[in-house]
Amino acid sequence: MPKSGSAENSINPPLWLLLELTYRCPLSCPYCANPVDLGDPADELSTEDWLKVLEQARAMGAVQLGLSGGEPLLRKDLEVIVAKARELGFYTNLITSGIGLTNKRLKALKDAGLDHIQVSFQSADPDTNDAIAGKRKAFETKQELARQVKAHGFPMVLNFVISKQNIENIDAIMQLSQSLEADYVELATAQYYGWALQNRDQLMPTLEQVRTAEAQVNAVRDSQNGVGPRFIFVTPDYYETRPKACMSGWGNIFLSVAPDGRAMPCHSAALLPLSFPNVRDSNLKSIWYESELFNKYRGFDWMPEPCRSCDEKEKDFGGCRCQALLLTGDAANADPVCDKSPHHHKIVSAAESAAACRNGETLARTVQNSQIIMQTRV
């Protein structure tokens with residue numbers, strides 16, 4: 001483990017800070033990447049705790065702030081946190097389902113200094129949207145919210161998690177995004193962690209569906225002539241032969257804090273069998289530079305083969321540690337997405353299994369902690 005003095009000279013500061021303010025959520029989307037065990041809301045950090053985290057992160061050089069969950073609007077102190085972030089000089093992005101974001105609260109967040117809002121939709125079809133979200137009239141609420149976001153002058157990103165349930169409606173999704181005057185639209189296939197992993201077979205579209213959808217997105221881009229939303233299409237890792245550079249490398253630029261104060265190098269890392277430092281017990285500076293956790297997969301010395309001698313390791317950093325654990329049983333292994341990995345066949349098998357599953361039951365994330373309920377998705 002590096003000593004504090006040398007670490008600060010050799011390790012980048014965290015530039016991107018994500019505060020997962022709560023895992024509580026009014027929706028029950030089966031693609032949720034949050035932990036299956038959502039924990040106890042009584043363990044959430046206090047307002048004072050979050051403000052200390054902001055101060056410590058800004059002093060280290062963090063500039064970009066995401067406020068997420070669950071649903072961050074369920075925190076009554078959200079405006080206080082936003083105001084403190086503005087005072088410190090953060091660029092703040094609220095990542096929300098939109099449920100609970102009234103016109104009054106939008107104004108309060110604007111006055112507090114919020115810079116940017118990302119709103120999630122589940123589909124362009126109201127019935128499909130509400131079925132996936134597990135909440136009646138969710139689509140109607142989101143649509144009205146999106147209009148209010150624009151009326152208040154916020155830059156707006158719309159996010160659609162793409163799955164078997166909505167991939168056939170990509171054209172309608174893009175039309176909805178244009179009508180709502182979104183600035184950016186992320187069409188991202190589910191990332192298979194947490195609840196999404198439980199439902200992978202029911203969620204993952206086939207390669208043919210992905211290629212068709214991508215072609216539709218490209219056709220709209222080509223016809224826009226620079227006018228309208230910028231569409232970003234993200235394919236499933238499972239159909240790639242090289243892994244993504246997860247969080248631009250472990251402990252490189254990204255720092256996430258869970259609702260209970262655990263500091264992590266990515267928001268999915270809680271599933272790893274590691275000991276996580278807590279902001280209640282240690283300051284962020286020592287956590288970032290000195291903790292065993294943040295140094296565990298930092299750089300390249302930890303890598304086994306084939307990553308250690310790979311000439312692409314500085315591009316992908318060995319891929320995702322969470323995905324390596326979930327699919328190979330060892331977080332230090334090469335991400336099995338990579339076709340150089342001896343475990344790549346597990347990715348191929350998972351994609352084949354998902355392709356064979358047309359419709360079926362999914363384990364929806366419930367509003368009540370981690371209780372599992374069954375819901376049929378068509």
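This is a predicted model: local features need pLDDT of at least 70, side-chain atom pairs count only at pLDDT 80 or more; totals for chains, interfaces and linings use all residues.
1. The crossing in which helix 2 passes helix 3 is right-handed.

2. Which residues bring these two together? From helix 2, the contact uses Thr47, Trp50, Leu51, Leu54, Glu55 and Arg58. Helix 3 answers with Val80, Ile81, Lys84, Ala85 and Leu88. By type, the residues in the contact of helix 2 with helix 3 are 7 nonpolar, 1 polar and 3 charged.

3. Now follow helix 3 (residues 78–88) to helix 4 (residues 103–112). Here the axes lie 8 Å apart, and the packing angle is about 25°. This angle makes helix 3 roughly parallel to helix 4. Helix 3 passes helix 4 in a crossing that is right-handed.

4. For this second pair, look on helix 3 for Leu78, Glu79, Val82, Ala83 and Arg86. Their partners on helix 4 are Arg105, Ala108, Leu109 and Ala112. How many residues of the contact of helix 3 with helix 4 are nonpolar, polar or charged? The contact has 6 nonpolar residues and 3 charged ones, with no polar residues.

5. To put the picture together, helix 3 packs with helix 4 and also makes a contact with helix 2. Val80 and Ile81 of helix 3 belong to the contact with helix 2, while Val82 and Ala83 belong to the contact with helix 4.

Definitions and conventions: Residues are numbered from 1 along each chain as its sequence is written. Side-chain values use heavy atoms; hydrogens and water are left out. Axes are lines fitted to C-alpha atoms, for helices over the stretch in contact, and angles run from 0 to 180 degrees between N-to-C directions. Helices (H or I, at least four residues) and strands (E, at least two) are DSSP runs, numbered from the N terminus. Angles under 35 degrees count as roughly parallel, over 145 as roughly antiparallel, 65 to 115 as roughly perpendicular and the rest as oblique. A crossing is left-handed if the near helix is turned anticlockwise from the far one by less than a right angle, and right-handed if clockwise. Contact means heavy atoms within 4.5 Å. Ala, Val, Leu, Ile, Met, Phe, Trp, Tyr, Cys and Pro count as nonpolar, Asp, Glu, Lys and Arg as charged, and the others, Gly among them, as polar.
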